[in-house]
Amino acid sequence: MIPAAFDYELASSADHALDLLGQHGDEAKLLAGGHSLLPLMRIRLAAPGLLVDIGRLSELAYVRDAGDQLAVGALTRHETLHFDDLLNQHCPILAHTVGEIGDPQVRHRGTIGGSVAHGDPAADVPAVLVALGATMVVRGQQGQREIAAGDFFQGLFTTALEDTELLTEIRVPKTSGMGWSYQKFNPRAQDWAVVGAAALVRRTNGGPTGPSHTGTDHRTVLGAGTAVVTLTNMGERPIRATAVEQALASGADLATASQEAAQGTNPPSDPLGSAEYRRGLAPVLVRRALEEALSR
Ligand code: FAD
């Protein structure tokens, strides 16, 4: 289908984009990589009167060292992040996960900011950002504010962003000393996740999760507060698998704790799988994620 008619403005700076959003309010939509917005416009689920193209704002495309965090510009493309040295060194779970998105064409156009702002529950990056405890930096007419990833994703295609705000940066903690994994289950390599599971595990000296640990089996036990587990596409937003985390903290082994993965979730049914299928898949992926995180 052909999108409804719209006006187009190429933003020359972040300030220019904000001015245009301020003037046009909810009539305007930001265009970054266009890989989520344009398909919606083509089927007329979105019909903005004005597209504000921020796709060429190089001032918002970067990865910078910020002490115990990395600052990632919202306009940084998935492919750039996948091969970024700083990100691979200090936050490998994010560098890995963006490499799991779609196909090379999608990764060369799509941006991390677009992926986050779109609020698609099937997107891979949001669950990883929630697991990391990332911070979204947002600019609007009133200035800048910071939003924790756990508060940012609010529902189906709904985030804490206002219509007149621009997501400028995502801050992620350095994860040195942590094991990590993102398990994406999809029928074909370029497909969206049927379900995804992210795990971050803090290694403790000398314990079963210590640096000397060289392998895992289903009887491995973790201590309290050592693991964070989140899920993709098991509800209307990325979900923290708190029942799994609590079971691990109470001394349950990986296999037993992973069985709790579908607790409190509300997965969709769609052509890729029924809700029941997803509830069966989640424990398997969580267990794989925990095992891989412990082996890294
Ligand atoms: P756009 O489409 O330009 O924008 C998306 C939305 O975010 C719009 O509402 C826009 O106004 C808003 N927005 C964009 N940037 C900002 C900003 N800085 N501040 C505020 N609002 C902003 N994703 C996955 O996670 N996994 C996949 O497997 C996957 N497969 C895909 C396969 C195909 C064939 C396609 C077309 C897309 C796929 N995607 C997948 C989505 C892809 O990651 C998109 O690139 C991403 O979701 C949106 O990024 P974008 O830069 O294209 O955003």
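**View A. Helix α8 and the glycine that comes after it.** In this predicted model, α8 is followed by Gly-133, a residue with a positive phi, near 70 degrees. The helix itself spans residues 124-132 and is mostly covered, with 9 of its 9 residues buried. Reading along α8, the buried residues are Asp-124, Val-125, Pro-126, Ala-127, Val-128, Leu-129, Val-130, Ala-131 and Leu-132.

View B. Arg-44 isn't a glycine, yet its phi is positive, at about 60 degrees. Look for Arg-44 in the loop between α2 (37-42) and β3 (50-53). Its relative accessible area is 46%, so Arg-44 counts as partly exposed. Asn-233 isn't a glycine either, and its phi is positive at about 65 degrees. This asparagine sits in the loop between β13 (227-232) and β14 (239-240). Is Asn-233 buried or exposed? With a relative accessible area of 5%, Asn-233 is buried, because the cut-off for buried is under 20%.

View C. The structure holds 1 aromatic pair.

View D. Leu-10 belongs to strand β1, which covers residues 7-10.

**View E. A negatively charged patch.** On the surface, Asp-26, Glu-27, Glu-162 and Asp-163 gather in a patch of negative charge. One of these, Glu-27, lies in the loop between α1 (14-24) and β2 (28-31). Glu-27 is partly exposed, and its relative accessible area comes to 47%.

**View F. Gly-280 and Ala-262.** Gly-280 is part of helix α12, residues 275-295. A relative accessible area of 45% makes Gly-280 partly exposed. Which C-alpha distance is shown here for Gly-280 and Ala-262? The two C-alpha atoms are separated by 7.7 Å, and the residues are 18 apart along the chain.

Technical notes
Residues are numbered from 1 along each chain as its sequence is written. This is a predicted model: local features need pLDDT of at least 70, side-chain atom pairs count only at pLDDT 80 or more; totals for chains, interfaces and linings use all residues. Side-chain values use heavy atoms; hydrogens and water are left out. Helices (H or I, at least four residues) and strands (E, at least two) are DSSP runs, numbered from the N terminus. Patches are made of residues with over 30% relative accessible area and no salt bridge: like charges are joined within 9 Å, nonpolar side chains (Val, Leu, Ile, Met, Phe, Trp, Tyr) within 5 Å. Accessible areas come from the Shrake-Rupley method with a 1.4 Å probe; for residues, only the protein chains shown count as cover. A salt bridge is a side-chain nitrogen of Lys or Arg within 4 Å of a carboxyl oxygen of Asp or Glu. Lys and Arg count as positive and Asp and Glu as negative; His and the chain ends are not counted. The place of a charge is taken as NZ of Lys, CZ of Arg, CG of Asp or CD of Glu. Buried means under 20% relative accessible area, exposed over 50%, partly exposed in between (1.4 Å probe, protein chains only). Rings of Phe, Tyr and Trp (its six-membered ring) pair if their centres lie within 6.5 Å; planes under 30 degrees apart count as stacked, over 60 as edge-to-face and the rest as tilted.
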